[in-house]
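Let's go through this model together, setting each label against the rule behind it. Here is the structure to keep in view.

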Amino acid sequence: MNFQTLQSIYPDSKLSHLPYDEKNFLAIPVNEGVALIDRNGLSDREEKLLITLLPNKKISQSVIEHQWYRILFKNEPINTSPCIRVIQLQLKTNPGFFKKEWQHEIKDMFPDLLDSFFLDEQQAFIIEEKKDITYSAEEIFGLFQALDSDFDVYSQIFVGAFHIEPSRFYENFQQERLIFQNQLEVANTQKEFSFTQSVIDYLVGDSIKNNVLLRSLYQEWFADNEIVTILQSLWRNQGNVSSTSKELFLHRNTLLYRLEKFQEATKLDVKNMDDLMLCHLLIDVFGKGF
């Protein structure tokens, strides 16, 4: 169930992206996080029905015992000041999933691991300290591709940023968690979420997708799927025509001809990175079906 559906029935309900254990509220899992409904506004029969249909997720004692669970979700202070990042995972597992063995592999994969734990059967967190040699996001995505194959798991991965200031770590993590949950909602089949692209999507997504002008420009400019493919490749290659031509197995002159036709029709100049970035944002937002 999504939050809007529940809120249409209980207008005073609120959305939280964190586990919630306040006794005055009924916490109902929804697609976007946790819906909080004031128990004072519910009859006994209504509350029992909600609990039966939408069971409240309890945090197990074994999870609560993790220091980093308490730091991330309860704002417990950090005693030291290392440079830390959190890798968030949404897992789709099959019956017979070897969780302990999977966690053992995680320990082997990350030599500077501070902690790893499951919040529930689908959500896992890896807390890593930055040292002289640290994996890039692309390297982490590659490692999990192999791990998914070994354990028959489908992992969706968000690689957070490294943070130094311990007093702001809790707030920074809450924002990263919100960004990842937003990405899962709008791109629910995507496996890999880099920090920079996810932040850009989060910041510009709503403002663009609700803009009538920009939606109209997307429909007018990108009716041709071929130019969409070309511009996506051109963006990935930072405007380099030769690299784009090689990536698409398209003759350079043919590529230039098609870009010229697009530029003549739109009066854009894709050699200008501002123009190319606008194309990328429109394709990225509206191309996801908004």
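Q: What makes the 5 strands an open sheet, and in which order do they run?
A: The 5 strands are arranged in the order 5-6-4-7-8 with mixed pairing. Strands here are DSSP runs of E with at least two residues, helices are runs of H or I with at least four, and both are numbered from the N terminus. Two strands pair if DSSP finds at least two bridges between them. Strand 5 (113–118) and strand 8 (192–193) each pair on one side only, and these are the edge strands.

Q: Before we go on, what kind of model is this, and which atoms and residues count?
A: This is a predicted model, in which local features need pLDDT of at least 70 and side-chain atom pairs count only at pLDDT 80 or more, while totals for chains, interfaces and linings use all residues. Residues are numbered from 1 along each chain as its sequence is written, and side-chain values use heavy atoms, with hydrogens and water left out.

Q: How do you know that strand 7 pairs with strand 8?
A: Strand 7 (residues 154–159) is joined to strand 8 by 2 bridges, and at least two are required. The two strands run parallel, and Ile157 stands opposite Glu192 of strand 8.

Q: What makes helix 6 a helix that packs on the sheet?
A: Helix 6 (residues 137–151) touches strand 4, strand 6, strand 7 and strand 8; contact means heavy atoms within 4.5 Å. Its direction makes about 165° with that of strand 7, where axes are lines fitted to C-alpha atoms (for helices over the stretch in contact) and angles run from 0 to 180 degrees between N-to-C directions. Helix 5 (residues 99–109) lies across strand 4 (84–92), strand 5 and strand 6 (123–129), at about 160° to strand 5.

Q: Why is Ser245 called buried?
A: Ser245 has a relative accessible area of 10%. Buried means under 20%, exposed over 50% and partly exposed in between, with a 1.4 Å probe and protein chains only, so Ser245 is buried. This residue sits in helix 11 and, leaving out residues up to four places away in sequence, touches Leu250, His251, Arg252 and Leu255.

Q: Why do the buried residues of helix 11 line one face?
A: In helix 11 (residues 241–248), the buried residues are Val241, Thr244 and Ser245. Viewed down the helix axis they fall within an arc of 100°, so they line one face; the arc is taken over directions from the axis to the C-beta atoms. Their cover includes helix 10 (225–236) and helix 12 (252–266).

Q: How do you know that Asn240 caps helix 11?
A: A side-chain oxygen of Asn240 lies 3.0 Å from the backbone nitrogen of Ser242, at the N-terminal end. A polar contact is a pair of N or O atoms within 3.5 Å; within protein, one must be able to donate a hydrogen and the other to accept it, and residues adjacent in sequence count only if both atoms are side-chain atoms.
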